[in-house]
Amino acid sequence: MAEDIQHNQKSNFNGLTKPAKAGASKKLIIKNFKDRPKLTDSYTEDTWLKLRDAVGAIQNSTSIQYNLEELYQAVENLCSYKVSPMLYKQLRQVCEDHVRAQIHQFREESLDSLSFLKRMNRCWQDHCRQTIMIRSIFLFLDRTYVLQNSLLPSIWDTGLELFRAHIVSDSGVQSRTVEGILEQIERERNGETVDRSLLRSLLGMLSDLQVYKDSFEQRFLTETTRLYAAEGQRLMQDRDVPEYLHHVARRLEEENDRVISYLDQSTQKPLIAAVEKQLLGEHMTAILQKGLRTLLDESRECELTLLYELFNKVKGGLTALLQSWREYIKSSGGEIVSSPEKDKEMVQELLDFKDKMDLVSQRCFQRNDTFINAMKEAFENFINKRPNKPAELIAKYVDSKLRAGNKEATEEELERILDKIMIIFRFIHGKDVFEAFYKKDLAKRLLVGKSASVDAEKSMLSKLKHECGAAFTSKLEGMFKDMELSKDVMIQFKQYMQNQTDPSNIELTVNILTMGYWPSYIPMDVHLPAEMVKLQEVFKLFYLGKHSGRKLQWQPTLGHAVLKTEFKEGKKELQVSLFQTLVLLIFNEADECSVEEIRTATGIEDGELKRTLQSLACGKARVLNKTPRGKEVEDADRFHFNSDFRHKLFRIKINQIQMKETVEEQVSTTERVFQDRQYQIDAAVVRIMKMRKTLSHNLLVSELYNQLKFPVKPADLKKRIESLIDRDYMERDKENANQYHYVA
């Protein structure tokens, strides 16, 4: 075993080690290289001549006599023998002589600009190709000597430097090159087809030679500004705004494409800025004045989106657009609100206008919060320019939607309409006016049973409560509560009537209304039939027996009845108002009556009586005949029962001729609101003065504006303050008339 190991050790020895005894340390011996052979005196010169010939062949595009590998080795040999500085200098000189000789081909005056550009491009391409080939031969020089001397440019950089110094820096050549390029770009802008690869190559040349910015870019931007300034002025006069906007977008797209195709990337920002400034920035006001209203009126979503995107690029563009958008909403909305002849359509037009503006802000203005807030401010501004009326009309619009017979909307659609109404409602300052009219209409719906849906009514109430607080809806909620309590009372009353010994033929239903909750109704004394009066007394006895200390006041104006009637055709049921009932009951006793006789018998006041007779004798269902015939009821007219009356239905509803809400009624509702406001102002003044004890007039008025939720004029505040001083709630300071003191 030991012998095998010995043998292996010997077999691993080589020429650098001496055999060692087992266990002795090994030694590594390094021998020197042999002396480097010396070059002959003529080697350097002969080699350079070979290299110079090769360079000349490359420059003249002829075949090289020597193998490229041989030439590369020759350069490596020269560099190894410390002749690199001389070699670099000689190479530079050869290249410089060649480049300098190229300038003559550009002196020809007969060349047109395109031919000149093509010749320049060919010269540049040749120069680049030649420099690359020369560098490949002298690569060893480039990577050793040049790399070690930081002050020396590389062979490639030397080539660029020589081309720049002897060709491109020549003022005549540079001028013709730049002007030729600019001419080609202008032609392309005018719709002609140009050689983009030529432009890309030449502009790349200027960029590589580091003269792009100084020689070309400044001139190019100046020409661009001049061209688009003239184009903007011309097209703003010749074209309408949508067409102009599309043209601007197309121009910007073209310029961006130019940057991608042949311009230097650094030019993009100043170029696009110049185009935007000349085509948009200089004409912002004109574009908005000339075209925004038309675009918005016609809902041109595509152009509005484009307008927003373009103005977003220009400094101050969105601010100008925002201002014009706000003014448009104010003026268009103002036209809707301020025209009394349009009052019938006002609310629907407001809803449509709001939908339209919402659509624009969402689809065209990228849901920009600033634009949405400006829209809200504008709506609030114009809708309150005409105090009280919009609030009144919104209440009536809600009534029309919540009334039975409104078949145009499903429950989901109705809910959506109510949500939209609430958005408009938010903009109104005088919400108490809305409440007054809404309460009046709600009362009619509840009492006549004309409400389309209890769920919809309660949904609307919930929305109002959420928007204005519980105090705002407390009376409205009270009205619903009264209707529910009345149902319970009627169940008890029916049980009570069943226990009576003298039951009535008339079935009575009573709604008990709490006066504070409901609108105030003018009581009217009419002559009821004895049986009705008796039944009223029975109910009064029943109700006051359960609720002592209360007072019942009957409201015949709100009553209605179902009459069983016999005609020649057969029996029918007539669904009529209490006044219509009283008139028809007369004809159980008399065949014909005059207006005066009917008035005496019923006790109905003149205007109401004529409307009642008109509904019975001049409407669709004519259960009375009038002599002489006509649409209006006169004092001399006579009436008799129409026994020949025919109708396909068994139960016929005869609508009362609705007296159109008179100006007096509207004024009285508004006056009630104003009276309520006076009480609120008085309460607020006393509350503030009680807390502050002493306050100047201006501070008091300022505090009142903070507390009051409705619009009020300073003159009205002053009147209320004077009234409180007269009633000894407060007093003026004896020395300072503008100072008030609270009187405890």
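**Strands**

I took two strands as paired if DSSP finds at least two bridges between them. Helices (H or I, at least four residues) and strands (E, at least two) are DSSP runs, which I numbered from the N terminus. The model is predicted, so I kept to its thresholds: local features need pLDDT of at least 70, side-chain atom pairs count only at pLDDT 80 or more, and totals for chains, interfaces and linings use all residues. Residues are numbered from 1 along each chain as its sequence is written, and side-chain values use heavy atoms, with hydrogens and water left out.

I looked up the partners of strand E2. E2 pairs with strand E6 (residues 651-653) in the parallel sense, over three bridges. In that pairing, Glu 573 has Arg 651 of E6 as its bridge partner. E2 (residues 570-577) also pairs with strand E1 (residues 560-567), in the antiparallel sense and over eight bridges. Here I noted Glu 566 opposite Lys 571 in E2. Two residues lie between E1 and E2, and the two strands form a hairpin.

**Aromatic pairs**

I next searched the whole structure for aromatic pairs and recorded 26. Rings of Phe, Tyr and Trp (its six-membered ring) pair if their centres lie within 6.5 Å; planes under 30 degrees apart count as stacked, over 60 as edge-to-face and the rest as tilted.

I examined Tyr 308 and Phe 371: the ring centres are 5.7 Å apart and the planes stand at 70°, so this pair is edge-to-face. Tyr 308 belongs to helix H15 (residues 301-313) and Phe 371 to helix H18 (residues 369-383), so the pair ties together parts 63 residues apart in sequence. For accessibility I used relative accessible area: buried is under 20%, exposed over 50%, partly exposed in between (1.4 Å probe, protein chains only). Tyr 308 is buried at 4%, and Phe 371 is buried at 2%.

I then turned to Phe 539 and Trp 554, whose ring centres are 6.1 Å apart with planes at 65°, so this pair is edge-to-face. Phe 539 lies in helix H24 (residues 530-546) and Trp 554 in the loop between H24 and E1, so the pair ties together parts 15 residues apart in sequence. Phe 539 is buried at 0%, whereas Trp 554 is partly exposed at 29%.

**Charges over rings**

I counted a charge as over a ring if NZ of Lys or CZ of Arg is within 6 Å of the ring centre and within 35 degrees of the ring normal. Lys 50 lies over the face of Tyr 66, 5.6 Å from the ring centre. The charged end of Arg 445 sits over the ring of Tyr 438, at 5.6 Å from its centre.
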